[in-house]
Amino acid sequence: MGIFGFFSKKENKEKLDQGLEKTKTSIFSKISKAIIGKSKIDEDVLDELEEVLISSDVGVDSTIKIIDRIRQRVAKEKYSNTSELDFLLRDEISRMIEENRQHSDEDFNVPEKSLDGKKIPYVIMVVGVNGVGKTTTIGKLANQFKQKGYSVMLGAADTFRAAAVEQLRIWSDRVGVPIVEKGMNVSPAAVAFDAVKEAKEQNVDVVIVDTAGRLQTKVNLMAELSNIKRAMTKPLEGAPHEVLLVLDASTGQNAIQQAKAFTEATDVTSLALTKLDGTAKGGVVIGICDQFKIPVKYIGVGEGIDHLQIFNPREFVDSLFKKS
Ligand code: GDP
Ligand code: MG
């Protein structure tokens with residue numbers, strides 16, 4: 001069933017609907033304008049639709065893909081009335097996301113127990129540039145794992161700003177999970193090493209390690225991330241089990257650029273897209289789902305502790321096209 005129980009399903013849908021409100025309003029008001037006075041889907045309408053999608057941060061490549069498919073369907077099938085445009089668009093976006101099978105609507109596969117009965121901590125390293133919502137996402141995730149009955153430990157390896165360590169400590173207090181920290185200006189690799197070592201010694205189920213998101217050259221980024229990763233393998237071979245890249249959806253195309261930079265610098269295994277609430281740029285999720293062969297696992301739909309959801313492509317598209 002995943003992290004969320006049955007009873008909170010409805011509530012989560014409402015949060016998702018609320019979160020996507022701005023994106024939805026923006027896309028559909030643009031589409032309505034584009035088809036005013038037109039009854040047939042013709043090349044002009046498709047050109048306008050292309051502009052709508054690009055200006056909604058779906059991304060050029062994914063937009064072209066969607067438009068081409070709609071053009072083919074309009075030619076082949078009898079869908080030529082502009083009143084069917086919403087349906088066609090929804091259908092093609094769903095197909096495109098589903099074709100990239102990575103998006104599986106499951107949370108992290110944290111093992112219940114290892115074979116010899118001793119727990120091996122499941123290590124999640126969280127990366128991404130400053131301000132995207134890493135620490136907040138870690139707090140929300142820690143809370144979800146705790147609710148699910150797992151023991152959790154946090155590692156404060158963003159050591160470049162004092163505020164960063166402090167902020168993670170606040171989350172650790174709030175959620176009620178221990179934190180491994182050594183203050184600022186120490187090597188992030190040393191903190192990561194300690195966090196994994198402690199978690200192993202204390203039989204902790206899940207360790208979530210915060211890192212600094214410095215925008216720097218690709219070579220430096222690569223070196224820094226691999227240093228931290230290497231430090232984790234010393235106490236625990238195979239760690240980290242997940243490298244979660246956090247992207248701020250409200251930055252639109254910047255999020256795609258960051259995804260490119262980080263996936264080139266390290267093996268990112270999953271994505272979290274934050275701040276879908278309060279932005280009209282939620283279309284970026286569609287582009288990211290299409291262009292990266294990495295699962296979007298989580299979406300952030302608010303600042304609150306309960307505002308992190310497992311990404312479910314079908315629900316996402318449903319919500320985006322739901323008529324209110
Ligand atoms: P970090 O620098 O990557 O660790 O980012 P932070 O976790 O400090 O988050 C930066 C800001 O974004 C904070 O004010 C968070 O409350 C806010 N934030 C994070 N996730 C979300 C989200 O899903 N929705 C909204 N509205 N704000 C968010
Ligand atoms: Mg932070």
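This is a predicted model: local features need pLDDT of at least 70, side-chain atom pairs count only at pLDDT 80 or more; totals for chains, interfaces and linings use all residues.
**Notebook: a loop, a ligand, a salt bridge**

I looked up Asn-203 and found it in the loop between α7 (188-201) and β4 (206-211); helices (H or I, at least four residues) and strands (E, at least two) are DSSP runs, numbered from the N terminus. Asn-203 isn't a glycine, yet its phi is positive, about 55°. Most residues other than glycine have a negative phi, and most peptide bonds are trans.

Residues are numbered from 1 along each chain as its sequence is written, chains are lettered from A and ligands numbered from 1 in the order written, and side-chain values use heavy atoms, without hydrogens and water.

I also checked Pro-240, in the loop between α8 (218-233) and β5 (242-248).

Next I turned to ligand 1. I get 17 residues around ligand 1, and Gly-131, Lys-134, Thr-136, Asp-277 and Glu-303 come nearest (a residue counts as near with a heavy atom within 4 Å). Helix α5 (residues 134-147) gives the largest share of this shell, four residues.

What touches the ligand's oxygen and nitrogen atoms? A polar side-chain atom of Asp-277 is 2.7 Å from a nitrogen of ligand 1. A backbone N or O of Lys-275 sits 3.0 Å from an oxygen of the ligand, and a polar backbone atom of Val-132 is 3.3 Å from a ligand oxygen. The protein covers 80% of the 580 Å² of accessible area that ligand 1 has on its own (Shrake-Rupley method, 1.4 Å probe).

Then I went for salt bridges (a Lys or Arg side-chain nitrogen within 4 Å of an Asp or Glu carboxyl oxygen), and the count is 23. I picked out Asp-57 with Lys-281, whose closest N and O atoms are 3.3 Å apart. That pair links distant parts of the chain, 224 residues apart: Asp-57 is in the loop between α2 (43-55) and α3 (60-76), Lys-281 in the loop between β6 (270-274) and α10 (284-291).

How values were computed: A polar contact is a pair of N or O atoms within 3.5 Å; within protein, one must be able to donate a hydrogen and the other to accept it, and residues adjacent in sequence count only if both atoms are side-chain atoms.
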